[in-house]
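Subject: Structure handover

Hi,

Here is the structure for you to look over. My notes on what I found follow below it.

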Amino acid sequence: MISKSKLAVFDMDGTIIDGRLIDALSTKFGLYDQIKQIQADPSILGFIKTQKIASLLKGIDEKEIIFALESIPIMNNFQHAVSVLKEGGCKIGIITDSYSIAAKTLANNYDLDFYTANDLMANNGLVTGEVCMPLGWDKINCFCKNSVCKRYHLETYANKYGVNIKDTVAIGDTRGDLCMVTHAGIGIAFMPKDDYINKCKYIINRPNLSDIFNFIK
Ligand SMILES: [Zn+2]
């Protein structure tokens, strides 16, 4: 099958990888309860949550992020999905509110075209607790207020590659993907974890990324 989509964006946690990087890190370093508490607090804006969580990682060796990534399985048929999209000449990338060091590793391993993620600052290989966030909602007045406004970065890559937004596909599993998934030409909720499920036209309810081709012509 040859895809006609010209730009495909994958979320990372719960989409490309069958787990969440921050969960693997927080379990290893005994931060699980603290991080879950921040994540669950509706009074904290998304990008502030990212800052608070990053501050808890202060002092961790950067390599631990790669080890945590390697501890999580790749989603079924991600490689297949990438191969089919590439055959159709599609640009493929990752937009995630996880960390660049992990997104870059996956982008290299699967020969993807781009990634956008939060940069955890490090000094001599140790995480400082500071984070450099791509943001973007401030530029397009997006509701999300997340550390990575996925809609803004989807639009930015579409412009960069000269792709009409109608010819984009975006795949994600949580509320953090909502602004991107509802704006892409084809937005797919993959194993959705949050209540945004009602807003998505295309939903995949089993852990198999080959199913994106049920919707991508
Ligand atoms: Zn947004």
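This is a predicted model: local features need pLDDT of at least 70, side-chain atom pairs count only at pLDDT 80 or more; totals for chains, interfaces and linings use all residues.

**Overall picture**

On that basis, the protein has nine helices and seven strands. Its radius of gyration is 16 Å, close to the 17 Å that the globule rule gives for 217 residues, so the protein is as compact as a globular protein of that length. The C-alpha trace spans about 45 × 35 × 30 Å along its principal axes. Of the 217 residues, 45% are buried. Residues 24 or more positions apart account for 59% of them.

**The sheet**

The seven strands form an open sheet with mixed pairing. Read across, the order is β4-β3-β2-β1-β5-β6-β7. β4 (126-132) and β7 (202-204) are the edge strands, and each pairs on one side only. Neighbouring strands are turned against each other by 25 degrees on average, with direction ignored.

Start with β1, residues 7-10. In the order of the sheet, β1 sits between β2 and β5. What are its partners? On one side, β1 runs parallel to β2 (residues 91-99), joined by four bridges. There, Leu-7 has Lys-91 as its bridge partner, and Val-9 has Gly-93. β1 also pairs with β5 (residues 168-172), again in the parallel sense and over four bridges. In β5, Thr-168 stands opposite Leu-7.

Is β1 buried or exposed on its two faces? Both faces are covered. Leu-7 and Val-9 are buried on one side, and Ala-8 and Phe-10 are buried on the other. As background, side chains in a regular strand alternate between the two faces of the sheet.

Helix α8 (residues 150-160) lies across β1, β2, β3 and β5. α8 also runs at about 155 degrees to β2.

**The α4–α6 pair**

Two packed helices are described by the angle between their axes and the distance between the axes. Here, the axes of α4 (residues 63-70) and α6 come within 9 Å and cross at roughly 55 degrees. Angles of 65 to 115 degrees would count as roughly perpendicular, and those under 35 as roughly parallel. α4 and α6 are therefore oblique to each other. Their crossing is right-handed.

Which residues meet at this crossing? From α4 come Ile-65, Ile-66 and Leu-69. From α6 come Ile-101, Ala-102 and Thr-105.

**Loop residues to look at**

Thr-174 lies in the loop between β5 and α9 (178-181). Is Thr-174 buried or exposed? Thr-174 has 20 C-beta neighbours inside 10 Å, so it counts as buried. Leaving aside neighbours within four places in sequence, Thr-174 is in contact with Gly-14, Lys-193 and Asp-194. Asp-211 is 37 residues from Thr-174 in sequence, and their C-alpha atoms are 18 Å apart.

The loop between α7 (137-140) and α8 holds Asn-141. Lys-145 is found in that loop too. Asn-141 is not a glycine, yet its phi is positive, near 55 degrees. Lys-145 also has a positive phi, about 55 degrees, and is not a glycine either. How exposed are they? Asn-141 has 6 C-beta neighbours inside 10 Å, so it counts as exposed. Lys-145 has 15 such neighbours inside 10 Å and therefore counts as partly exposed.

Best wishes

Methods: Residues are numbered from 1 along each chain as its sequence is written. A residue is buried if 20 or more other C-beta atoms lie within 10 Å of its own, exposed if 12 or fewer, and partly exposed in between; C-beta atoms are placed from the backbone. Two strands pair if DSSP finds at least two bridges between them. The radius of gyration is taken over C-alpha atoms; the globule rule is 2.2 Å times the number of residues to the power 0.38. Two residues are in contact if their C-beta atoms, placed from the backbone, lie within 7 Å. Axes are lines fitted to C-alpha atoms, for helices over the stretch in contact, and angles run from 0 to 180 degrees between N-to-C directions. Angles under 35 degrees count as roughly parallel, over 145 as roughly antiparallel, 65 to 115 as roughly perpendicular and the rest as oblique. A crossing is left-handed if the near helix is turned anticlockwise from the far one by less than a right angle, and right-handed if clockwise.
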